[in-house]
Amino acid sequence: MPLSSALALFLMAGAPSQPSVLSFDLSPGGAERQTPYRAGGHGMEPGSTDGDFLFSVAVPDGTYRVTLTLGDRKMAGETTVKAEARRLMLRNVATKKGEFVQRQFLVNVRSPALPPPPANAPGGNAVRLPSVDIREYSWDDRLTLEFLGQPKLSSVKIEPVTAPTIFLAGDSTVTDQAAEPAASWGQMLPAMLDGTVAVANHARSGATLKSFLTDLRFDKLLSAVKPGDWLFIQFGHNDQKQEWPQTYVDAANTYPAYLRAYIAEARRRGAHAVLVTSPERGNFDTHGKIKDTLGPYADAVRKLAAEERVPLIDLNADSRAIYEALGPEVAPTAFNAGGKDRTHHDNYGAWLMASAVAERIRSQIPELAPHIVAAPFVPAQPPSAAQVAIVPSRAHSDVRPAGN
């Protein structure tokens, strides 16, 4: 179905009514394991098997606490859970035969719909989504959970909550990549939080500071921001492209000006802005050092953070330290497409970037630091891919994410 038709039907149907607490039996013999998903209800998504499966529940926009009871009376298990478009929530939770454990996390759910502007006012009633986005689990009318590894699951409880939220505005190195092998730090960050802070990842592959505005993505994000929330802003990879004349911004003038406007919009709503420097591309020189492709833009972010007195997550510096610690031979294993893509990461690289972000949060944002549960991370001493070992999702694509 074309994007315009699909979106029109979605908006005409409206969002599901606000649910109370919803509980489901997802044990191997449970009724919900045998029920295919139908619009407005709940059930298993296509392609689900006993070894890995996706379960969806129709819900309105909002944040939901998911409580899982993991375990099995007859078998041991090791369960990895992702939400929506491969947001990592739980990683390798081991249960012994006959053991049951409970885990909780928060999932932010959103549709493309926007509050319509008043008559004669400019704006739109929905985010402008490309066809690839409308087919993903990130922009629909349901909460989707993916169970991987050796999943042993007894029950699921889902309830709407109000919680502090970290909103992410950015590009392909931040967004929830919907298919293997690409991945980004934004979709790994939820697994590094304690389950009382939500992550709302609005980033998009190929996005720029300008396109994030014209696509109405920033409008959607701002429509959900509450006082006390956080807005993490990371742009640069695509903004620096002079061959994209409609969205190009220069590092000295227009780039910091647009960032300053984003900060102002967050502050107007009582939210806290955080600036993030873009991770460097994985290109080495003959001396084993990372080539500088983003320097002026990273410097502009550092300068602006100091001027505006907002926290700085210097992922540019941390990424360089990580790549150089891995070295030219190993660093490609942290990137998409077996290292052929030196901009976008795979699960391993995304985990390393998110670990660096989490460590910066711990050291520089006191209000969020207590919510970080990730192990201490030193960029110059990254763990190996074997130590990270994230179970891949079934969804796979050979198409490189937009932007470079």
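I take buried to mean under 20% relative accessible area. By that cut-off Phe335 is buried, because its relative accessible area is 1%. The model I am reading is a predicted one.

**Entry: aromatic pairs**

I looked up the ring pairs next. The structure holds nine aromatic pairs. I opened Phe212 and Phe218, which form a tilted pair with 6.2 Å centre to centre and 50° between the planes. Phe212 and Phe218 are both buried. Then I turned to Tyr323 and Phe335. Their ring centres are 5.1 Å apart and their planes stand at 50°, so this pair is tilted. Tyr323 belongs to helix H8 (residues 315-330), and Phe335 to the loop between H8 and helix H9 (347-364), so the pair ties together parts that are twelve residues apart in sequence. Tyr323 counts as buried, because its relative accessibility is 0%.

I also noted a cluster. Ring pairs join Phe212, Phe218, Phe235 and Tyr262 in it.

**Entry: charges over rings**

I checked Arg and Lys against the rings. Arg33 has its charged end over the ring of Phe53, 4.1 Å from the centre of that ring. Lys241 lies over the face of Trp244, and here the distance to the ring centre is 4.0 Å.

**Entry: nonpolar cores**

Which residues touch the most other members of the largest nonpolar core? I found Trp185 and Phe232, out of 45 residues in that core. Elements giving two or more residues to this core are strand S10 (165-170), helix H3 (185-188), strand S12 (230-234), strand S13 (272-276), H8 and H9. H9 gives the most, with ten residues.

I listed the contacts of Trp185, leaving out residues up to four places away in sequence. Among them are Leu168, Phe232, Val276, Leu315, Met353 and Val357. Thr173 and Gln234 are also touched by Trp185. A second, separate core has 30 residues, including Ala207, Val249, Ala251 and Ala300.

**Entry: Leu231**

I picked Leu231, which sits in strand S12. Leu231 is buried, because its relative accessible area is 2%. Beyond its neighbours within four places in sequence, the contacts of Leu231 include Phe167, Phe218, Leu221, Tyr262, His272 and Val274. I also took a distance to Val161, which is 70 residues away along the chain from Leu231. The two C-alpha atoms are separated by 19 Å.

**Entry: helix H7**

The buried residues of H7 are Gly295, Tyr297, Ala298, Ala300, Val301, Leu304, Ala305 and Glu308. What do they pack against? I found helix H6 (254-268), S13, strand S14 (312-313) and H8.

Glu308 got a closer look. It is part of H7, residues 295-308. I count Glu308 as buried because its relative accessibility is 17%, against a cut-off of 20%. Its side chain makes a polar contact with the side chain of Arg260, at 2.5 Å. Apart from neighbours within four places in sequence, Glu308 is in contact with Arg260, Ile263 and Arg267. Arg309 follows H7 and has a positive phi, near 55°.

**Entry: helix H5**

I read off the buried residues of H5 (residues 217-224): Arg217, Phe218, Lys220, Leu221 and Leu222. They pack against helix H2 (131-134), S10, helix H4 (209-214), S12 and H6.

**Entry: backbone checks**

Where is the cis peptide bond? I found it joining Glu180 and Pro181, with omega about 0°. Pro181 is in the loop between S10 and H3.

I then went through positive phi values. Asn120 is not a glycine, yet its phi is positive, about 70°. Asn120 lies in the loop between strand S7 (100-109) and H2. Asn120 is exposed, because its relative accessible area is 84%. Ala337 has a positive phi too, near 60°. Its place is the loop between H8 and H9. Ala337 counts as partly exposed, because its relative accessibility is 36%.

Key:
Residues are numbered from 1 along each chain as its sequence is written. This is a predicted model: local features need pLDDT of at least 70, side-chain atom pairs count only at pLDDT 80 or more; totals for chains, interfaces and linings use all residues. Side-chain values use heavy atoms; hydrogens and water are left out. Rings of Phe, Tyr and Trp (its six-membered ring) pair if their centres lie within 6.5 Å; planes under 30 degrees apart count as stacked, over 60 as edge-to-face and the rest as tilted. Buried means under 20% relative accessible area, exposed over 50%, partly exposed in between (1.4 Å probe, protein chains only). Helices (H or I, at least four residues) and strands (E, at least two) are DSSP runs, numbered from the N terminus. A charge sits over a ring if NZ of Lys or CZ of Arg is within 6 Å of the ring centre and within 35 degrees of the ring normal. A polar contact is a pair of N or O atoms within 3.5 Å; within protein, one must be able to donate a hydrogen and the other to accept it, and residues adjacent in sequence count only if both atoms are side-chain atoms. Contact means heavy atoms within 4.5 Å. A nonpolar core is a set of buried Ala, Val, Leu, Ile, Met, Phe, Trp, Tyr and Cys residues joined through side-chain atoms within 4.5 Å.
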